[in-house]
Amino acid sequence: MNDQPRRRPAKPHRRPKKDPVRFLAFEALRAVDERDAYANLVLPPLLKKARAKGDFDGRDAALATELVYGTLRRQGTYDAIVAACIDRPLREVDPPVLDVLNMGVHQLLGTRIPTHAAVSASVELARVVLGEGRAKFVNAVLRKVTAHDLDGWVEKVAPPYDEDAEDHLAVVHSHPRWIVSALWDALGGGRAGIEDLLEADNERPEVTLVARPGRSTTEELVKALGEDNSLPGRWSPYAVRMAEGGEPGALEAVRESRAGVQDEGSQLVAAALAAVPVEGRDTRWLDGCAGPGGKAALLAALAAERGATLLAAEKQPHRARLVERALAGNPGPYQVITADGTRPPWLPGTFDRILMDVPCSGLGALRRRPESRWRRRAEDLEAFAPLQRGLLREALKAVRVGGVVGYATCSPHLAETRVVVEDVLKGRGGEPVEAEWIDARPLLPGVPALGEGPDVQLWPHLHGTDAMYLALLRRTG
């Protein structure tokens, strides 16, 4: 008789189960990291493909979207938490592993997903995309994360405000320190204002539509959306906000380019330029940096109502094609060309109104492109500076005496806004230009907290818009 204890049979090898929602979110995060892609461009085609295969319903798409954007927005905070839970420098963790970890941390600390489900789903994803060994590492780290809620972790990993205010805010609100410093300088004021701004940067922005005058109306958009899914614009007479989200491209007016998706701050910039009084001729308008076409389409519609012609110029051919698509079907005369505004093909003094919405750091749109805060560096602004000054200088040459130039940028950074305008007007780095400031504030009727003027800075936390900047200048000689 054999008294040896019988061995238990080995557990059969279990293949990891692929969760389509979390796998898709991981794919999007990897594209953002590896290809420098933007989530708002990568995610929609992935979701469309998943719906076509029958893998996704509306709730699945909403969860995938939340996992991607939530992880990107809170990356700085989550990095600090993960760093406190491992025994190696964070830079030694492979990026795909860190993506799985941060997405797991977001489920644990930033959503209502139950703890056990968040951990098990993250570990299962790790088995699928990383392998068994790394899945064990993910499991160990996330179990440490479950020891505290978000507030508890922030208290542990963020330096006290009184010792280092900027680093404290950077960790708590998940912004690089240099951006915290730059935004604080631009905003001015004390702690409450900068905290409100940083919090607003981490909120999901509303989808705002524009009804292009003469082509659509806000009433048409409200009817198409339904009263339960529509809110009036806060400031723009052309705006309708989607209360519950949805797919704007499903609307007939959007498909036909009679309406579009456009932040209210962007709408206000175009509307303000169109509202400036000019004496004499007012028939030739220019959008000198027209891509991707939102402001150009609104300007073209406003110009058509007055019998004016819009020339939309864009340096990049692929962006010029987007402008053509946005302006398609506009009833008024317009033209789209591929041209460099710093080496313009038009003669000096040609135009009556010019919008120059210059390339910039994009710090005003961190709600929409949260990954850009981790890509930008302070030194990037030095590369934009000559281009911004060159475009404004050429715009002031291209407008006739008495005509108006609108200098706009989706950034509140002083080095991209008022400093650029002042340098050009004073001739720093080039010939001085004879022009005067126009007070832009009365041209944004009803919009509060616009500062001392004459230029205007919009803010996410004060106006619910992107942080658009606008300076209006009239050429005097």
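**Questions on a predicted model**

Me: Does C410 count as buried or exposed?
Reply: C410 has a relative accessibility of 15%. This is a predicted model, in which local features need pLDDT of at least 70 and side-chain atom pairs count only at pLDDT 80 or more, while totals for chains, interfaces and linings use all residues. Residues are numbered from 1 along each chain as its sequence is written, and side-chain values use heavy atoms, with hydrogens and water left out. Buried means under 20% relative accessible area, exposed over 50% and partly exposed in between (1.4 Å probe, protein chains only), so C410 counts as buried.

Me: Which label does UniProt give to C410?
Reply: C410 lies in the loop between β9 (399-409) and α19 (418-425); helices (H or I, at least four residues) and strands (E, at least two) are DSSP runs numbered from the N terminus. Through contacts, meaning heavy atoms within 4.5 Å, C410 touches residues including D357, C360 and M468, not counting residues up to four places away in sequence. In UniProt, where annotations may be inferred rather than shown by experiment, an unreviewed entry lists C410 as "active site".

Me: Why is β9 described as largely enclosed by the rest of the structure, and how many of its residues are buried?
Reply: Two strands pair if DSSP finds at least two bridges between them. Strand β8 (residues 351-357) pairs with β9 in the parallel sense over six bridges, and six bridges also join β9 to the antiparallel strand β12 (residues 469-475). Strand β9 is largely enclosed because the buried residues number 10 of the 11.

Me: Which residues touch the most other members of the largest nonpolar core?
Reply: A nonpolar core is a set of buried Ala, Val, Leu, Ile, Met, Phe, Trp, Tyr and Cys residues joined through side-chain atoms within 4.5 Å. The largest holds 48 residues, and the elements giving two or more residues to this core include α1 (20-34) and α7 (132-145). Those that touch the most other members are F56, V68, V138 and V145.

Me: How many Å apart are the C-alpha centres of domain 1 and domain 3?
Reply: The bounds come from an automatic or database domain assignment, which gives domain 1 as 18-149 and domain 3 as 206-259. Their C-alpha centres are separated by 33 Å.
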